[in-house]
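Thanks for making time this morning; I would like to walk you through one model, going from the overall fold to a few local features. Please have the sequence and the structure open while I speak.

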Amino acid sequence: MREQPIGEAVEDDERDKVIAYHRRDTHAAIDTLLEDIRHLRRQLALAEGAMSRGMTRGWRPDYDRR
């Protein structure tokens, strides 16, 4: 799958590719996507711990989509 710019809508073709990759097993596709979310949240937490407040001018990561 190609990387998608922030804010770009998910296309049906991308959904089809994810499901096809998992041999039409939608539960496996969802499990993989949830694992990816957990991994990215851990990476965000690590980055938050490593960066200084001055570097980000007070910005803090938001773990939930708004």
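The protein has three helices and zero strands, and from the N terminus on its elements run α-α-α, where helices are DSSP runs of H or I with at least four residues, strands are runs of E with at least two, and both are numbered from the N terminus. Before the details, a word on the basis: this is a predicted model, in which local features need pLDDT of at least 70 and side-chain atom pairs count only at pLDDT 80 or more, whereas totals for chains, interfaces and linings use all residues. Residues are numbered from 1 along each chain as its sequence is written, and side-chain values use heavy atoms, with hydrogens and water left out.

Let me begin with the surface as a whole. The protein exposes about 6100 Å², of which carbon and sulfur atoms supply 54%; accessible areas come from the Shrake-Rupley method with a 1.4 Å probe, and for residues only the protein chains shown count as cover. Of the 66 residues, 12% count as buried, and here buried means under 20% relative accessible area, exposed means over 50%, and partly exposed is what lies in between, with a 1.4 Å probe and protein chains only.

Next, the loop between helix 1 and helix 2, where His22 has its place. Is His22 buried or exposed? His22 counts as buried because its relative accessible area is 15%, and, leaving aside residues up to four places away in sequence, His22 touches Ala28, Ala29 and Thr32, a contact being heavy atoms within 4.5 Å.

As background, most residues other than glycine have a negative phi. Both side chains face the outside in terms of area: Arg23 counts as exposed because its relative accessibility is 76%, and Arg24 is exposed with a relative accessible area of 58%.

Turning to charges, how many salt bridges are there? The count comes to one salt bridge, defined as a side-chain nitrogen of Lys or Arg within 4 Å of a carboxyl oxygen of Asp or Glu. The side chains of Asp13 and Lys17 meet in it, at 3.5 Å from N to O, and both residues lie in helix 1, four residues apart, about one turn of the helix. Asp13 is partly exposed at 42%, and Lys17 is likewise partly exposed at 46%.

Finally, two surface patches. Patches are made of residues with over 30% relative accessible area and no salt bridge, like charges being joined within 9 Å and nonpolar side chains (Val, Leu, Ile, Met, Phe, Trp, Tyr) within 5 Å. Ile30, Leu34 and Ile37 form a nonpolar patch with about 260 Å² of accessible area together; Ile30 sits in helix 2 (residues 26-50) and is partly exposed, at 48% relative accessibility. Asp25, Asp31, Glu35 and Asp36 form a negative patch, with Lys and Arg counted as positive, Asp and Glu as negative, and His and the chain ends not counted; a charge is placed at NZ of Lys, CZ of Arg, CG of Asp or CD of Glu. Asp36 lies in helix 2 and counts as partly exposed because its relative accessibility is 39%.
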